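Hi,

Here is the structure I promised to pass on. Have a look at it first, and my notes follow below.

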Amino acid sequence: MCIRDRLKDYLKALKRTTKEIEKLPFHKLDNDANLLKEAFDIAYKNDVFALYKLDASIQDDLKLKLFSKLTKYSGSLSFLAIQILAANSIMRKNDFVRKSIYLNKKCGIAINHLRSNTTVVYAKEEKDGYRLTGTLTWASGYKIFDNLLIGFHFNGKEHEVLAKFEEINGFKVIEAPETFVGLALNTVNIELKDFFVKEEDIVSSNTIGNYTKNKSLSKTVHYALFSLGLGAIKYIEDADLKFTSKKRLKKLKKEFLYTENGRKLDELRITLFNLVQKIVTIGMIKNGGKSILIEKNLQRYYRELIMFNSNGLNQDIKELFLDEFIIGGNKVYA
């Protein structure tokens, strides 16, 4: 099948997915885990997360289309999409021997701690595998994902391994603190204590710092923030605000799509966040008090904006946010 036909099939599957999800009370997808699982399973059944099956040259464009479609219904659903797309991409990128098995499963990730300057999960080697010990925090998709990609350190390297996402010997699920957004994500903490993982399920082994390096060039959060802005515009009633928002959002999209410099991407992320925050806030102000009703979407987008922007932060991005606030504030309040 040629690229054009594969593209048509994918877009049809995405359209089919959105039509099915539209039948759900999607304003409840943020706090109802069973409902979110239903929406995720609809998307999974329609194969819209299987971007790896398509030509590499069109995957980024389709990823943006995927987020643009899903996020307006549920940021939590898009958050799960980030997880499974990342797991699939890591398996493909590292030419994981058993990828044909795991690509047909729902896989989440618990690897962000690899950015830490200290070892969060360490391992002891034994025959045919490793024993992992440590605490994984903020692992989303419990009882939604079948498997979990776990990051750990061993012998001066960072590794990623796939394991079942369920309570078994050495793998204890601990309830995570309640949050003001994304309750349906079933986010949990996990205590690993001599938890055995098989050598054959090791997906990657790289020098420490590899994950941080790759993360700095990722545009996934940019896609999510842009998609929230796109969704918000649909519910803005003021014509001038709608027009200006579209124009500015389109300009920023062009910038981050064609940028491959990590520092510049971080700066664009801040600009994008600030723009979408203003779009949502002014949209709510112009729409009036009804904006805070739970079934309205702008208040949900506001909460999900914080959720997405709190994900994948490193010290450089935190400092850039602070600098932007201080320098920008000095200009305004001088």
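Is Phe40 buried or exposed? Its relative accessibility is 0%, so Phe40 counts as buried (buried is under 20% relative accessible area, exposed is over 50% and partly exposed is in between, using a 1.4 Å probe and protein chains only).

Before the rest, a word on what you are looking at. This is a predicted model, in which local features need pLDDT of at least 70 and side-chain atom pairs count only at pLDDT 80 or more, while totals for chains, interfaces and linings use all residues. Residues are numbered from 1 along each chain as its sequence is written, and side-chain values use heavy atoms, with hydrogens and water left out.

Now the aromatic rings. Searching the whole structure gives 16 aromatic pairs (rings of Phe, Tyr and Trp, the last by its six-membered ring, pair if their centres lie within 6.5 Å; planes under 30 degrees apart are stacked, over 60 edge-to-face and the rest tilted). Phe40 and Phe49 are a stacked pair, because their ring centres are 5.0 Å apart and their planes are at 25°. Phe49 is buried too, with a relative accessible area of 3%. Another pair, Phe226 and Phe256, is edge-to-face, because the centres are 6.2 Å apart and the planes at 70°. Phe226 sits in helix H7 (residues 220–234) and Phe256 in helix H8 (residues 239–257), so this pair ties together parts 30 residues apart in sequence (helices, H or I with at least four residues, and strands, E with at least two, are DSSP runs numbered from the N terminus). Back at Phe40, ring pairs link Phe40, Tyr44, Phe49 and Phe145 into a cluster. Lys106 lies over the face of Tyr44, 5.3 Å from the ring centre (a charge sits over a ring if NZ of Lys or CZ of Arg is within 6 Å of the ring centre and within 35 degrees of the ring normal).

Next, the inside. The largest nonpolar core has 90 residues, and Phe49, Leu132 and Ile150 have the most contacts inside it (such a core is a set of buried Ala, Val, Leu, Ile, Met, Phe, Trp, Tyr and Cys residues joined through side-chain atoms within 4.5 Å). Helix H9 (residues 262–287) gives the most to this core, with 10 residues. Apart from this core lies another, of 16 residues, among them Tyr52 and Cys107.

Leu132 turns up again in the strands. Strand E2 (residues 121–126) pairs antiparallel with strand E3 (residues 129–139) over six bridges (two strands pair if DSSP finds at least two bridges between them). Leu132 in E3 is the bridge partner of Ala123. E2 and E3 make a hairpin with two residues between them, and Asp128 in the turn has a positive phi of about 65°. E3 is also joined by eight bridges to strand E7 (residues 188–198), again antiparallel.

Last, have a look at Arg300, in helix H10 (residues 297–309). At 3% relative accessibility, Arg300 counts as buried. A polar atom of its side chain is 2.8 Å from the backbone oxygen of Lys72. Not counting residues up to four places away in sequence, Arg300 touches Phe26, Thr71, Lys72, Tyr73, Ser74 and Gly75 (contact means heavy atoms within 4.5 Å).

Cheers

Definitions and conventions. Polar contact = N/O pair within 3.5 Å; in protein donor to acceptor, adjacent residues only side chain to side chain.
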